[in-house]
Amino acid sequence: MACYSLQAMVGSRFHWRRLHLDLAEVNEKYGARFDAKYDNVGSQRDKEKHTRLRAMMAAGYSKKEVENFEELIDENIASLITLVNRYALESKPMDFRRKAQFSTLDVISSVAYDSPIGYLATDSDLYEYLENMEAILPVFAIRCSPIGFGKIMGVAKQIVGERFGPKKKVNRGMLGSFISHGLNQGGAQSGSLLQIMDGSDTTVTAIRVTFLYIITNLQILAKIRAEIAAKNPSSPATNAEAQPFTYLQAAIKEGLRIWPPLCGLMAQKVPPDGDLINGKFIPGGCQIGSCGFGIFRSKEI
């Protein structure tokens, strides 16, 4: 037995068993999936099946097969800037917390489906998705619901369905990449829903917290504004333009460190024969998780 690091413990090539959304027998007993028939990378606990599922989705998530990836993001950032400016010109108060989430939902859906759902364009909580998700988490809405998560499931089913059949649409987005690597219709629908639910929420958490820490510290805010003004980037700034902004990049990374957007335990199940962690024997069958807040705030690391 070897002494594994945290990276090794969660790595796909090691033999620890994954315990994701279902945590243990929940998936078998209650079907903790978006669709009872299909698993996604968050609900699949069988290691071999999980590895195959990840392989089918890897190219899409790595951006290698997504056309105009940065342009899709920039278009939605520009829409957010336009919306913020409109509120400013009209001297109207604005809930940035909510507008930021509109932006991440539109970004994720643009990358996944080639076009945004339309939260920024309508400046509204379409289908009452956010209101319902905030009210019912961690219990998901009923599939047939005309609002909330049920409605988003219907939208995803329709969009994914257009990529299959005799008159299927072919695209070079993330969804197209998943399908081209063998993901079936049900798997594509479930995987894209996971993108929207998990991707938009974690991203907006990082944006909200980082913005909060920046705008509540006038010294840091002044330094960032001065750095941006000195370099005069385009609006929105491209990734290439933003990389040399050393102080801004440090502020972003510090925001991610001080408040990790994904802070679940991400539990793994110890192999039947047990294992060693930092020289200590852990019996087989134990559930081992990691605390992101503790790790990133540790002075020993």
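A: By class, the residues that line the second largest pocket are four nonpolar, four polar and four charged. They are Lys37, Tyr38, Asp39, Gln44, Lys49, Arg52, Leu53, Met56, Gly182, Leu183, Asn184 and Gly187. The volume of this pocket is about 210 Å³. The model is predicted, and the values given here are computed from it. Helix 3 contributes the most to the lining of the second largest pocket, with four residues.

Phe178 belongs to helix 9. Is Phe178 buried or exposed? Phe178 has a relative accessible area of 0% and is therefore buried. Along the chain, Phe178 and Met56 are 122 residues apart, yet their C-alpha atoms are separated by 5.8 Å.

The largest nonpolar core has 35 residues. Tyr113, Tyr119, Tyr129, Ile152 and Ile196 are the residues with the most contacts inside this core. At least two residues of the core come from each of helix 3 (47–61), helix 4 (69–89), helix 5 (96–113), helix 6 (119–122), helix 7 (129–136), helix 8 (148–161), helix 9 (174–180) and helix 10 (185–215). Another core lies apart from the largest one and has five residues, among them Ile214, Ile224, Leu248 and Ala251.

Not counting residues up to four places away in sequence, Tyr113 touches Ala156, Ile159, Arg163, Leu175, Ser192, Leu193 and Ile196. One of these, Arg163, is charged and sits in the loop between helix 8 and helix 9. Arg163 is buried because its relative accessible area of 7% falls under 20%. Beyond four places in sequence, the contacts of Arg163 are Tyr113, Asp114, Lys168, Lys169, Asn171, Leu175 and Ile179. Arg163 and Gly176 are 13 residues apart in sequence, and their C-alpha atoms are 7.8 Å apart in space.

Lys99 is another charged residue that is buried, at 8% relative accessibility. Lys99 is part of helix 5. With residues up to four places away left out, Lys99 touches Leu80, Leu83, Tyr87, Met94, Leu120 and Asp123.

Tyr247 gives a further case, in helix 13 (residues 246–258). Its relative accessible area is 30%, so Tyr247 is partly exposed. Tyr247 touches Ile220, Lys223, Ile224 and Glu227, not counting residues up to four places away in sequence. Ile224 is also listed in the core of five residues. Between Tyr247 and Ile220 there are 9.0 Å from C-alpha to C-alpha, with 27 residues of separation in sequence.

Some loops have backbone features worth noting. Pro236 is in the loop between helix 11 (218–231) and helix 12 (239–242), and a cis peptide bond with omega of about -5° joins Ser235 and Pro236. That loop between helix 11 and helix 12 also holds Asn232. Asn232 is not a glycine but has a positive phi of about 50°, and it counts as exposed at 65% relative accessibility. Glu128, in the loop between helix 6 and helix 7, is likewise not a glycine and has a positive phi of about 55°. Glu128 is partly exposed, with a relative accessible area of 36%.

Finally, the chain as a whole. The chain has 14 helices and five strands. Of its 301 residues, 40% are buried. Contacts between residues at least 6 apart in sequence join residues at least 24 apart in 61% of cases. The accessible surface of the chain is about 17200 Å², and carbon and sulfur atoms account for 58% of it.

Note on methods:
Residues are numbered from 1 along each chain as its sequence is written. This is a predicted model: local features need pLDDT of at least 70, side-chain atom pairs count only at pLDDT 80 or more; totals for chains, interfaces and linings use all residues. Side-chain values use heavy atoms; hydrogens and water are left out. A nonpolar core is a set of buried Ala, Val, Leu, Ile, Met, Phe, Trp, Tyr and Cys residues joined through side-chain atoms within 4.5 Å. Buried means under 20% relative accessible area, exposed over 50%, partly exposed in between (1.4 Å probe, protein chains only). Contact means heavy atoms within 4.5 Å. Accessible areas come from the Shrake-Rupley method with a 1.4 Å probe; for residues, only the protein chains shown count as cover. On a 1 Å grid over the protein atoms alone, a cavity is a set of points where a 1.4 Å probe fits but cannot get out, and a pocket is an open set with protein on both sides within 12 Å along at least five of seven lines; lining residues have an atom within 4 Å of a point. Grid points are joined across faces, edges and corners, and a volume is the space filled by probe spheres set on the points.
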